[in-house]
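Here is a friendly walk through a structure, arranged by topic so that you can follow along on screen. Have the sequence and the 3D view ready.

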Amino acid sequence: MKLVQRVYLREVFSGLGLTARHFFRNMGRHVAHALGRKDARGAVTVQYPEERRPYSPRLRSLHRLVRREDGSPRCVACMMCETVCPARCIYIVAAEHPNPEIEKVCREFTIDLGKCVFCGYCVEACPEDAIRMDTGILEFSSYSREGMIYTKEMLLALEPAGPDGRPGSPVPIPPDRTP
Amino acid sequence: MTATLADVGIALGRVAFVMLFVLNLGGLMTWVERKQSAIMQDRIGANRASIFGFRIMGLLHPLADAIKMLTKEEFYPARADRVLFSLAPFVSVFFALVAFASIPFGDTLRVAGREVPLQALTFNVGILYVFAMLSLGVYGVMMAGWSSANNYALLGGQRAAALMITAEVAIGASIVGVVMVYGSLNMMDIVRAQGALLGGWLPKWGIVTQPLAFVLFLTAGIAATKRIPFDMPEGESEIIGYFVEYSGMKFGLFVMADFLETVVISGMTVSLFLGGWQIPYLEPAGFVFPWDATVALPGLAVSLLQVGAFVLKVVVMIWFLMLIRWTLPRFRYDQAMRLGWLGLFPLSIANIVLTGAALLLWGAR
């Protein structure tokens with residue numbers, strides 16, 4: 001090693017210069033921000049619950065059941081999603097549909113999100129485009145396992161996310177979690 | 001003897017100022033540490049603690065920390081020496097607190113026929129007192145390491161002792177040059193002597209007359225605070241250190257002691273090398289600039305300016321120490337020992353010789 005490197009002092013000062021430069025640059029931006037220049041950002045931090053980054057349109061978020069025009073589920077209880085699901089978290093109970101042109105309908109469609117691995121196979125497998133993962137909702141934690149079970153009615157009530165990825169419907173709050 | 005009561009009051013006021021100054025700075029440093037490191041690293045830092053929705057830039061976090069620490073369980077290891085174990089954090093904090101006492105924060109104030117030295121303790125050997133207190137502080141750490149009945153804690157205490165000896169030797173030897181130049185061990189005299197002008201314009205601050213000693217003192221001083229880059233006693237990534245077994249406010253006191261030591265070291269650096277309470281060209285009667293301009297000021301305003309200058313210098317110095325702490329990676333144990341004994345110590349001896357030769361040659365005093 002050269003003597004300059006062994007003395008280490010020059011490297012110390014170049015390091016201090018780097019961090020001090022960051023400090024003063026960010027400090028200046030913070031001050032400018034406080035003085036009204038709202039485009040000046042002193043930090044790259046995204047203040048999560050209040051600020052959100054836009055989600056990718058490909059994001060796989062909470063499932064929803066797509067409705068027909070009359071509001072009934074498009075699901076025909078073909079069991080494709082239940083079969084393909086690697087986590088086996090979808091439970092479908094089939095029933096007769098009053099319309100003879102539609103073979104079946106789901107009487108119950110339950111997803112246990114505590115087991116779901118968000119692989120998206122159910123969406124890919126569905127021949128009717130009846131299940132999608134485009135709600136943009138990611139926060140659906142619960143204090144109990146029962147709170148993670150989403151029924152047909154809950155899944156039918158969800159809307160797709162907007163173009164910026166923001167949820168189009170309120171986040172369903174499980175019964176064991178008071179807001 | 002009516003004067004006695006006023007004297008007691010003044011003495012108490014001096015002590016109270018120093019105590020509150022050091023304690024508040026020490027408490028604020030937890031906030032400074034979080035926020036400054038965040039700003040240096042393009043982050044925002046802790047800002048969530050709030051009272052009635054007021055966050056005031058995360059300033060409530062030290063308060064939240066204190067409440068958390070106070071309400072946590074106080075855990076005693078089964079085989080710990082309970083007396084020493086409880087005593088250790090207090091010893092640590094106590095010596096860090098009292099060390100600041102002989103650092104002057106202003107020139108002697110003359111009010112109503114009284115002379116009030118703006119210094120908690122007027123001492124002829126102020127420098128030695130600060131050293132003594134700083135080195136005694138390591139006893140708390142050693143006690144903690146010994147009494148915890150934990151091998152890692154013991155290793156931490158042993159490292160702290162070794163580091164403290166290394167740092168103290170270098171600090172002591174690097175200070176000798178300053179003492180030689182200003183000819184006194186009294187902190188007040190040293191600061192006053194730094195008000196002189198070299199060549200009529202350059203303030204005779206320690207950093208000008210003793211640049212090498214400044215670097216050596218600062219390095220050894222950072223080592224004495226046991227913080228990164230010299231945090232081998234803690235060594236979070238290898239041994240957790242002398243406070244492994246501590247919890248609650250006792251742990252908080254150890255952290256506090258490190259912060260207080262940082263305040264003391266910056267106070268020392270300011271007093272010895274950065275002119276203490278001196279403002280360049282400020283004489284007791286007002287500003288006297290070398291270009292023959294004068295601004296007359298009343299005595300009280302001069303004193304206030306001096307105290308303000310001292311506080312500002314200490315705060316800037318703390319900022320600088322924080323900058324170092326958040327920039328440099330830590331030294332390994334053997335690297336720190338090598339730096340102390342083969343780097344700082346011989347250099348500070350050389351500094352003494354050089355200073356002596358210079359004083360002999362030019363006879364400057």
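**Helix packing in chain B**

Helix H5 (residues 151-182) of chain B packs against helix H8 (residues 211-224) of chain B at an angle of about 155°, with the two axes 8 Å apart. Axes here are lines fitted to C-alpha atoms, for helices over the stretch in contact, and angles run from 0 to 180 degrees between N-to-C directions. This is a predicted model, in which local features need pLDDT of at least 70, side-chain atom pairs count only at pLDDT 80 or more, and totals for chains, interfaces and linings use all residues. Residues are numbered from 1 along each chain as its sequence is written, while chains are lettered from A and ligands numbered from 1 in the order in which they are written.

**H5(B) with H8(B)**

- H5(B) and H8(B) are therefore roughly antiparallel to each other (angles under 35 degrees count as roughly parallel, over 145 as roughly antiparallel, 65 to 115 as roughly perpendicular and the rest as oblique).
- H5(B) passes H8(B) in a left-handed crossing, a term used if the near helix is turned anticlockwise from the far one by less than a right angle.
- Residues making this contact include B:Leu163, B:Ile171 and B:Val178 of H5(B), and B:Leu216 and B:Phe217 of H8(B); contact requires C-beta atoms, placed from the backbone, within 7 Å.
- The contact residues divide into 13 nonpolar, 4 polar and 1 charged (Ala, Val, Leu, Ile, Met, Phe, Trp, Tyr, Cys and Pro count as nonpolar, Asp, Glu, Lys and Arg as charged, and the others, Gly among them, as polar).

**H5(B) with H11(B)**

- The axes of H5(B) and helix H11 (residues 333-362) of chain B come within 9 Å and cross at roughly 15°.
- H5(B) and H11(B) are therefore roughly parallel to each other, and H5(B) passes H11(B) in a left-handed crossing.
- Residues of this contact divide into 18 nonpolar, 8 polar and 1 charged.

**The sheet in chain A**

- Chain A has an open sheet of 3 strands in the order S2-S3-S5, with antiparallel pairing; two strands pair if DSSP finds at least two bridges between them.
- Strands S2 (90-96) and S5 (149-150) of chain A stand at the edges, each with a single partner strand, so one side of each has no neighbour in the sheet.
- S2(A) pairs with strand S3 (residues 104-112) of chain A over 7 bridges.
- A:Ala94 has A:Cys106 in S3(A) as its bridge partner.
- Helices (H or I, at least four residues) and strands (E, at least two) are DSSP runs, numbered from the N terminus.

Notes: Contact = placed C-beta atoms within 7 Å.
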